[in-house]
Amino acid sequence: MSPRDAGASARPAEVSTRRLARKRLNLIRRWSGALVAAPLHIMFVAGALTLFYEPLTRWEEPLAQEPRALGDYQRLLDAAAPPTAEFQLYMPRNDLGWPSVAYVPPEADTWQGFWVGSEPSQRLPRREALAGFLYDAHFFWHRATGLVVEDVAGFLLIGYLLSVASEMLLSCERRTRSPEPLRHMLALASQATRILYAYTGALAVLGPLLVAASVVPVFGGDGERALRVGGYFAEELAEREDPEPGPEAPALALDHLVAAALRAEPRLIVESFSAVNYGRENGTVDVRGSVTGGEELAMSSRRNTSVRVRTLDGRVLGVQGERTEGATAWVARCLQGFHHTWYGGPFVRALLFALVIAGSCAFVARHFRWLERAGRGSGRVARASRVLARWTLGMGSGTFVAVAALFLASRSFPLSWASRSVAEEFVFPVTLAACVGWSLSSSDAVRCCARQLGLAGLTLLPVPILAARWSSAGVFGAGPRLAEVVAVDTGLAVASVALLGAAHALGRSPRSRSLQAALASPGTSSSS
Amino acid sequence: MFGSVAASIVLGLPLTLLAAACWARFAPLDEQARFVSALLLVFPGWIASICAFSVVRRPAAVLAICVAAGVVLTFCLC
């Protein structure tokens, strides 16, 4: 056989292998993306809103907007009188707002809280759940749905990364044939933000599971060593094993504990306390806060330093922050810093917010288009694709309606209503379920999506005006304005206009009309 | 097609975990560095193994590769 003949016989096999690989990668990209697009959209939208967690906590609660001069810490703790030995005490931020206490009642397994007034025994239960709920919703309301669902969220993020990786490989492979893949590569590069959030989020959620799985094969069954080496990634495992309360013993005054913490870290600005077994012999208090100056420090250390002090004698047990050394601590600080965006200012956050929301919407739209194409034939797969397409689009636009409804409920329910926070939390899933049902039952999913986006915009429109009923610090308030409250009001107004604009554009787009026609006649086959 | 892709997803995870465990135990770095580098590489490794298996023509070959590599890695860890 001549070399030429040998080359000719090898080529078809090589081409066939490439075709097979391309087919499989396409299958992975499409199905992994299609299955995770809708649930991940909720995670990304809620997560993007969590970028503004601190302004939202200020905006949502009028008590957090009142100026408050702080006396000594022990007097405040006496006034708060936390009902359990494990509690968290939050100080006013920037001399604004009432202090607050969070604790887990003995008969419950969820955190509850109250605000501590300036008068003795003046305690008001926490009434507002919006910011906390959005934080929880960004990994599937794990407080109510359990840790298993949180772990599922981690695997969905891996599914997203798998979809993106296979898309990148396909783009690289196609680059040899046409210039179009360059555009694809640029589009993928714009997804860098979401890739970073997905990877860091997956590690944060699944890291403890990986540490637990490595105890035997890596550490020879030595759990203590795994916790020590695992550091931040093993924190959750360590916290599950609460130390047993020791015998009763008087605790030193909180001011002494703060003084001890400040001796260990003089640059610490105290923002909160976390007590475990307070009033017991083995009681500890974590004095938490940010560190001033120290621009040379890691970004996360400036925001998240904690000094653990023993309540019995004020002995400092450890400083968590930039002094924690080792590769694990360094990596954890980087991951936390990126994931929680402990850098930049409001404009960086606004940019990241826009990138994440736009990327998520594009991802949903792309997989919806593929699903509706896959659903044009007949058979079980086509039928499932049609349902999945409508579900994806319903979740895509329904998330915005649910968030808007949550904001509207937050400003509409009476502040004195005892079940207000629970009712507020249920507004989100109920609205989302209604929107998905609407999309599934609608004969025209694209128009339904446009209507839902319009509904979200209209729902959000009156929120800044309603906010003025309780707070005078916003755009429509009569009192002195607070920058954070004004920024949230303005952001809501801008989001409302953007949603109405998107609804208008989607309703009039010729591309959406062709999609409507395709969806209206699912039996029509298409080779596109 | 679905079968080979599903096999690569399901078999890729234990294989990657075993490889990461070997790295975390035997890599020539200090303990924290080798453990955290293994932790960081688990998910990219899993995704890479799924993509790499897509060029293997037969599902049986994927299975054979996973079993062989799994046996070798387990032997290293024991």
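Biologist: How many residues of chain A are in contact with chain B?
Modeller: This is a predicted model. On one side of the contact stand 23 residues of chain B. On the chain A side, the number is 28.

Biologist: Which helix gives the most to the side of chain B that touches chain A?
Modeller: Two helices of chain B each supply at least two residues to that side: H1 (2-26) and H2 (31-53). The residues on this side of chain B divide into 17 nonpolar, 3 polar and 3 charged. The helix that gives the most, with 12 residues, is H2(B).

Biologist: Which residue of chain B is in contact with A:Ala202?
Modeller: Leave aside the neighbours within four places in sequence. A:Ala202 is then in contact with A:Gly154, A:Leu157 and A:Ile158 in chain A. From chain B, the contact is B:Phe43.

Biologist: Is A:Ile158 buried or exposed?
Modeller: A:Ile158 is found in helix H6 (residues 147-174) of chain A. Beyond four places in sequence, A:Ile158 is in contact with A:Ala202 and B:Phe43. A residue counts as buried if 20 or more other C-beta atoms lie within 10 Å of its own. A:Ile158 has 22 such atoms, so it is buried.

Biologist: Why does A:Leu209 count as partly exposed?
Modeller: A:Leu209 is found in helix H8 (residues 192-219) of chain A. The buried class needs 20 or more C-beta neighbours, and the exposed class 12 or fewer. A:Leu209 falls in between, because its count inside 10 Å is 15.

Biologist: What separates the C-alpha atoms of A:Leu209 and A:Ala234?
Modeller: Along the chain, A:Leu209 and A:Ala234 are 25 residues apart.

Biologist: How many residues does the largest nonpolar core have?
Modeller: Those with the most contacts inside this core are A:Leu161, A:Ala202 and A:Leu406. Helix H1 (residues 3-50) of chain A gives the most to the core, with 16 residues. The core itself has 130 residues.

Biologist: How many residues are in the second, separate core?
Modeller: This core includes A:Leu89, A:Tyr103, A:Leu268 and A:Val307. Its count of residues is 22.

Biologist: Which residue in S5(A) stands opposite A:Gln88?
Modeller: Strand S1 (residues 87-90) of chain A pairs with strand S2 (residues 100-103) in the antiparallel sense, over 4 bridges. In S2(A), the bridge partner of A:Gln88 is A:Ala102. S1(A) also pairs with strand S5 (residues 268-276) of chain A, again antiparallel over 4 bridges. There, the residue opposite A:Gln88 is A:Ser274.

Biologist: Which residue in S4(A) is the bridge partner of A:Phe114?
Modeller: S2(A) pairs with strand S3 (residues 112-116) of chain A in the antiparallel sense over 4 bridges, and A:Ser100 has A:Trp115 as its partner in S3(A). S3(A) in turn pairs with strand S4 (residues 123-125) of chain A, antiparallel over 3 bridges. In S4(A), the partner of A:Phe114 is A:Pro125.

Biologist: Why is helix H4 of chain A largely enclosed by the rest of the structure?
Modeller: H4(A) covers residues 130-137. Its buried residues include A:Leu130, A:Phe133 and A:Asp136.

Biologist: How far apart are the end C-alpha atoms of helix H13 of chain A?
Modeller: H13(A) has 13 residues, 327-339. At 1.5 Å a residue, the helix should span 18 Å. The distance in the model agrees, so the end atoms are apart by 18 Å.

Biologist: Which residue just after H13(A) takes a positive phi?
Modeller: Inside the helix, the buried residues include A:Thr328, A:Val331 and A:Leu335. Just after H13(A), a phi of about 50° is taken by A:Thr341.

Biologist: How far apart are the C-alpha centres of domain 1 and domain 2 of chain A?
Modeller: The domain assignment gives domain 1 as 27-61 + 346-520 and domain 2 as 62-126. The C-alpha centres of these two domains of chain A lie apart by 33 Å.

Biologist: How many residues does domain 2 of chain A give to the contact with domain 1?
Modeller: Domain 1 of chain A gives 9 residues. On that side they divide into 4 nonpolar, 3 polar and 2 charged. From domain 2 of chain A, the number is 5.

Terms used: Residues are numbered from 1 along each chain as its sequence is written. Chains are lettered from A and ligands numbered from 1 in the order in which they are written. This is a predicted model: local features need pLDDT of at least 70, side-chain atom pairs count only at pLDDT 80 or more; totals for chains, interfaces and linings use all residues. The expected span of a helix is 1.5 Å times one less than its number of residues. Domain bounds come from an automatic or database domain assignment. Two residues are in contact if their C-beta atoms, placed from the backbone, lie within 7 Å. Ala, Val, Leu, Ile, Met, Phe, Trp, Tyr, Cys and Pro count as nonpolar, Asp, Glu, Lys and Arg as charged, and the others, Gly among them, as polar. A nonpolar core is a set of buried Ala, Val, Leu, Ile, Met, Phe, Trp, Tyr and Cys residues joined through C-beta atoms within 7 Å. Two strands pair if DSSP finds at least two bridges between them.
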